[in-house]
Amino acid sequence: GVSVLSGSMPPEHFYIAELHGLVDELVVEDDPECDWQDSFRSSRTSNDARQLLLLVMDGRLRRQIGRKVTDCGGNALLAYQTQFDMEDNFIIARGIGTAVTLDRVSEREQRERDLDRERQNESRQCLE
């Protein structure tokens, strides 16, 4: 599967092995609150229908954008953002992120990185 991350940096103990580029996707559905049957439904029922549709659209958007990530050879999506727009009688969901291949840092490499960070922190403290 594809890891979908909202942050722009890889998680701890991982590094970006390959950067594949920007991926985006768009999903459009009819707004259930603009349906002619809306006059017969209570506002709560109409709002529940819209909330359920937003949830379904978000899931579909993540699956479609995840498929694009795997098609380009990636295993993760960094800096993922979702936007919903209500336009006329439609709901538009847009997803965007950066497709990458993440690899796990070995324990030895992690120790070296930790030591480098400690040295950088010590040198910064000396300068202050």
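Analyst: Start with one pair. Arg62 forms a salt bridge with Asp58, and their closest N and O atoms are 3.5 Å apart. The model is predicted: local features need pLDDT of at least 70, side-chain atom pairs count only at pLDDT 80 or more, and totals for chains, interfaces and linings use all residues. Residues are numbered from 1 along each chain as its sequence is written, and side-chain values use heavy atoms, with hydrogens and water left out.

User: What makes the pair Arg62 and Asp58 a salt bridge?

Analyst: The term needs a side-chain nitrogen of Lys or Arg within 4 Å of a carboxyl oxygen of Asp or Glu. Arg62 and Asp58 have N and O atoms 3.5 Å apart, so the pair qualifies.

User: Why are Arg62 and Asp58 said to be about one helical turn apart?

Analyst: Both sit in helix H1, 4 residues apart, which means a separation of about one helical turn. Helix H1 covers residues 43-71. Helices (H or I, at least four residues) and strands (E, at least two) are DSSP runs, numbered from the N terminus.

User: How many salt bridges does the whole structure have?

Analyst: The search finds 7. One of them joins Glu25 and Lys68, with the closest N and O atoms 3.1 Å apart. This pair links distant parts of the chain: Glu25 is in strand S2, Lys68 is in helix H1, and 43 residues separate them.

User: Which residues does Glu25 touch?

Analyst: Contact means heavy atoms within 4.5 Å. Leaving out residues up to four places away in sequence, Glu25 touches Leu61, Gln64, Ile65, Lys68, Ala93, Arg94 and Gly95.

User: How do you know that Arg60 and Glu29 form a salt bridge?

Analyst: Their side chains meet at 2.6 Å, N to O. Arg60 in helix H1 and Glu29 in strand S2 are 31 residues apart. Arg60 has 24% relative accessibility and counts as partly exposed. Glu29 has 25% and is also partly exposed.

User: What makes S2 and S4 a strand pair?

Analyst: Two strands pair if DSSP finds at least two bridges between them. S2 (residues 14-30) and S4 (residues 90-104) run antiparallel and are joined by 15 bridges. Val28 stands opposite Ile92 in S4. Strand S3 (residues 76-87) also pairs with S4, in the antiparallel sense, over 10 bridges. There, Leu77 has Ala99 of S4 as its bridge partner.

User: Which residues have the most contacts inside the largest nonpolar core?

Analyst: They are Val23, Met57 and Leu77, in a core of 13 residues. S2, H1, S3 and S4 each give two or more residues to this core. H1 gives the most, with 6. A nonpolar core is a set of buried Ala, Val, Leu, Ile, Met, Phe, Trp, Tyr and Cys residues joined through side-chain atoms within 4.5 Å. In soluble globular proteins, nonpolar side chains tend to be buried together.

User: What pattern does the chain follow along the sequence?

Analyst: The pattern is β-β-α-β-β-α. The chain has 2 helices and 4 strands. Buried residues make up 24% of its 128 residues.

Notes
Buried means under 20% relative accessible area, exposed over 50%, partly exposed in between (1.4 Å probe, protein chains only).
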